[in-house]
Amino acid sequence: MSHDPLHGDEPLTDDAVIAATREWLEKAVIGLNLCPFAKAVHAKRQIRYVVSQATDEEGLLEDLLHELQLLAAADAADIETTLLVHPFVLGDFLDYNDFLDIADAAVEELSLEGVLQVASFHPRYQFADADPDDMGNFSNRAPYPTLHLLREDSVDKAVAAFPEADRIYEANIEALRKLGPEGWKALWRK
């Protein structure tokens, strides 16, 4: 059991990390409809939650390679997508952002381009053209640094089924700005 580098000194267990991530998924991603495709895979229990104990990039890369291979080999009916949560490494957003190039190279190294992709979530996520406190950043803010492994064909099917998929990002920004900081904080009150 380790201590949580982002959220204080309380002991941090895999169960606590997964619970916080699941709560974020339910209240923000699904609850605010930030991703209209998340509800179905959540309801069908097709999301694999993995907590990496890595404390450096090398260890995280090993975990990422393993999870990419596992997802590629798994039946989509069993595991549609994977959330690889890594609370003990890449707490700094700029370091995390740099690691995304390594994550993309891992997909390429395993010859999984066009099969899998990696999406990014971080507690301090910041789009390049945004101020740190811009509510638009919250569309990609998760409780812990997280690499989201997605199947390309599932993304393609979801986008084809959603009439205005290219508007999701803009709609999220609008909704989050309307919600505001106080509305975001209210989501997490028990």
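**Briefing: the fold at a glance**

The protein chain shows an accessible surface of about 10,300 Å² (Shrake-Rupley method, 1.4 Å probe), and 51% of that surface belongs to carbon and sulfur atoms. Keep in mind that this is a predicted model, where local features need pLDDT of at least 70, side-chain atom pairs count only at pLDDT 80 or more, and totals for chains, interfaces and linings use all residues. Residues are numbered from 1 along each chain as its sequence is written, and side-chain values use heavy atoms, with hydrogens and water left out.

**Overall build**
- The C-alpha trace spans about 45 × 40 × 35 Å along its principal axes.
- Buried residues (under 20% relative accessible area, 1.4 Å probe, protein chains only) account for 46% of the 190 residues.
- Take the contacts (heavy atoms within 4.5 Å) between residues at least 6 apart in sequence: 71% of them join residues at least 24 apart.

**Helices and strands**
- The protein chain has six helices and six strands, taken as DSSP runs (helices H or I, at least four residues; strands E, at least two) and numbered from the N terminus.
- Starting at the N terminus, the order is β-β-α-α-β-α-β-α-β-β-α-α.

**Around strand 3**
- Four of the five residues of strand 3 (residues 47–51) are buried, so this strand is largely enclosed by the rest of the structure.
- Strand 3 pairs with strand 4 (residues 81–85) in the parallel sense over five bridges; pairing takes at least two DSSP bridges.
- Within that pairing, Tyr49 has Leu83 of strand 4 as its bridge partner.

How values were computed
Buried means under 20% relative accessible area, exposed over 50%, partly exposed in between (1.4 Å probe, protein chains only).
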